[in-house]
Amino acid sequence: MSVTALLVFGWWWVSAGGVRLAPTDVPRCCPPERALSPESLRADLLPTTAVNDACVSVTEARPWAPLVYAPTRNNFLKRGQLPAHWRIAYSRVPSCPELRVLPEHAAPYALLANNGSLLMRGATSALSPDRFCADAVAALVCVEDAGGRGPSKCCAEGRAFDGSRCVEDETRAAEALHELRELANGSAVGVGWPSCTEGSTYAVAGILSGARLLEGGTLQLNSESSTLEAGAWCAEAVAGESGTRVLACEEEARSARPAQTARHALYGAGLAVGAAFLAATLAAGFALPAAHHALHWRCQTHYVAALMLGDVLLAATQLAGDRVPPPLCRALAVCMHFLFLSAFFWLNTMCFNIWWTFRDFRPTSLERGQEACRLRVYMVYAWGGPLAVSGAAALLDRLPPGAAPGLLRPRFAVQRCWFYGDMEILVYFFGPVGVLLLVNLALFISTTRQLTCGLWRRDEVKSTSERAALGRVCAKLVVVMGVTWGADVVSWAAGGPEYVWYATDLLNALQGVFIFLVVGCQPHAWAALKRAAAALCARAPGAQAHSSSHLPSCGESLTHTTAAPAPAAAPASATAPARVPMETVC
């Protein structure tokens, strides 16, 4: 009977709310309807005497919604739900001379529901209400209670950073913690993110391996001129990156990165030169009106234009370095992704068109309607495919952090004006490009085999000059079909010291020069320039206009070449049929 009575009493006691806690004063830094200014929150330290002046009026007063943890429930209370026994004490600032700013968005602290104290992440004990004051989006803590600003792991134990949030990864997290403890050399390793301004994003500032921990918690990266002050950095394992990375607020991370390397400067200058020659190639093509109806010329124009615009943007980002603002950097990355994919897709259509022309050595002339239809199909493929890939990448990049957790995001402009890491580049760029390059290589081998094993064995091709012309055709196909692009893929996949790949990077950057020498710098292009100069001279008073004969263009001859007829049984005195010069094949 007594046991039953105790159970009934216990149930009534719990349902009534248990023991009524005594009222607890929770300090607020500012008066009602006022909050700390954004300028004060950007500082790391704030004098106690300056707190009152740092409080400014807020236009829209919202209910205070701090992060409150209930130890008895072992969970956090709902945002905006304050314990019933709390009493907010406005304008109550700690008596210590200097305070450290703890932004709430970095989640370095929480208020305890039972006694209103403040518990910082990684601390073993909570601070009493007389050692801190809380505000709308931050807390001010006495400097001596905030602890040292030594090395810290960004995410909690057993978690790593995936570029947008902390996720479970015990293996990588343990590796990062071990590397941090070796760097600390016996000092305590904390947990928490740097104190950035509200809305700031974190970026990789460098690699922890090889860094040095200086006095006061300052971190010196591999470059002696690159340092991060104590509290401005943390280290963590990052998805898609090998080794532990140093993360900091975006502005600090950009300033800590090493200055532009010689490889970037060389690559940017080469891209600028190549873009200029690609522009000259376009000008040379437009100077030949007779070639404008040719299907190959139209494909070639789209390819050169996309490659030229992509080279211009990439050269600008390489030469500008970290001076590009993040929003513009992200927009440039998306545009470059689309343009370079378009260039590769148009290159693939050119390879297919050349292979189709030489597949049986009977390239009959196309009617204007058939040519326009094939061009429309090529345009849907070569512009629509890159638009779908780059559009999907841009859409995934702008999704909220919690949306689609299983998909790999490109993370444009996090480290540079391009993709974030190797895995993102592989999935969204080098993967599709590698497939296209393999298809182009197969088409090139098939076309070269048809030329060498087909035309060279014909009776019509006997002279050394004609064999040399066919050799030039094969060499042009190597350049036009973009085999040199493979060097860029190899340098990315192999890695290693930068100086090893200077030659391949420069070769790929100067591809515009080679395309100009093959396509733009041709006799018929020079003849067109001479005719244009003669036309200008003919406009002078008293001058007489002259007409010039039509010279075939590279694109026109590809789709309008007629193979030499087979020798027929005829008298020896009969005149042999005229043969088409092999130089007009390409």
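Reader: Is Cys55 buried or exposed?
Author: This is a predicted model. Buried means under 20% relative accessible area. Cys55 has a relative accessible area of 2%. Cys55 is therefore buried.

Reader: Which residue does Cys55 join through a disulfide?
Author: The sulfur atoms of the pair lie 2.0 Å apart. A disulfide needs sulfur atoms within 2.5 Å. The partner of Cys55 is Cys30.

Reader: How many residues apart are Cys30 and Cys55?
Author: Cys30 sits in the loop between β1 (24–27) and β2 (34–36). Cys55 sits in strand β4, residues 55–57. The pair links distant parts of the chain, and the separation is 25 residues.

Reader: Is the disulfide of Cys30 and Cys55 left-handed or right-handed?
Author: Look at the torsion about the S-S bond. For Cys30 and Cys55 this torsion is about -80°. The disulfide is therefore left-handed.

Reader: What is the relative accessible area of Cys30?
Author: Cys30 is the partner of Cys55 in the disulfide. Cys30 is buried too, because its relative accessible area is 0%.

Reader: How many disulfides does the structure hold?
Author: Cys30 to Cys55 is one of them. Cys96 and Cys142 form a disulfide as well. The structure's count of disulfides is six.

Reader: Why does the pair of Cys96 and Cys142 tie together separate parts of the sequence?
Author: Cys96 lies in the loop between β7 (86–89) and β8 (98–103). Cys142 lies in strand β12, residues 138–142. The pair therefore ties together parts whose separation in sequence is 46 residues.

Reader: What is the torsion about the S-S bond of Cys96 and Cys142?
Author: Both cysteines are buried. Their sulfur atoms are 2.0 Å apart. The link is left-handed, with a torsion of -85°.

Reader: Which residue in β12 stands opposite Leu99?
Author: Five bridges join β8 to β12. The two strands run antiparallel. Opposite Leu99 in this pairing stands Cys142.

Reader: How many residues of β8 are buried?
Author: Strand β8 is mostly covered. It has six residues, and the buried count is five.

Reader: Where does Cys417, the partner of Cys329, lie?
Author: Cys329 and Cys417 form a disulfide with sulfur atoms 2.0 Å apart. Cys329 is in helix α9, residues 326–358, and the pair is 88 residues apart. Cys417 lies in the loop between α10 (368–397) and α11 (422–453).

Reader: Is Cys417 buried or exposed?
Author: The cut-off for buried is under 20% relative accessible area. Cys417 has 9% relative accessibility, so Cys417 is buried.

Reader: Which element gives the largest share of the largest nonpolar core?
Author: This core has 43 residues. Tyr303, Leu307, Phe419, Phe429 and Ile515 touch the most other members. Elements that give two or more residues include α7 (262–286), α8 (295–320) and α15 (511–520). The largest share, 10 residues, comes from α9.

Reader: How many residues are in the other core, the one with Trp86?
Author: In soluble globular proteins, nonpolar side chains tend to be buried together. Here another core lies apart from the largest one. Its members include Trp86, Leu118, Ala134 and Ala139, and its size is 17 residues.

Reader: How far apart in space are Pro27 and Ala134?
Author: Pro27 lies in strand β1 and counts as buried at 0% relative accessibility. Its contacts beyond four places in sequence include Ala89, Phe132 and Ala134. Pro27 and Ala134 are 107 residues apart in sequence, yet their C-alpha to C-alpha distance is 6.2 Å.

Reader: Which strands are at the edge of the open sheet of four strands?
Author: The order is β6-β5-β9-β10, with mixed pairing. An edge strand here pairs on one side only. The edge strands are β6 (75–76) and β10 (118–120).

Reader: Which residue in β10 stands opposite Tyr109?
Author: Strand β9 spans residues 109–112. Three bridges join β9 to β10, and they run antiparallel. Opposite Tyr109 stands Met120.

Key. Residues are numbered from 1 along each chain as its sequence is written. This is a predicted model: local features need pLDDT of at least 70, side-chain atom pairs count only at pLDDT 80 or more; totals for chains, interfaces and linings use all residues. Side-chain values use heavy atoms; hydrogens and water are left out. Buried means under 20% relative accessible area, exposed over 50%, partly exposed in between (1.4 Å probe, protein chains only). Two strands pair if DSSP finds at least two bridges between them. A nonpolar core is a set of buried Ala, Val, Leu, Ile, Met, Phe, Trp, Tyr and Cys residues joined through side-chain atoms within 4.5 Å. Contact means heavy atoms within 4.5 Å.
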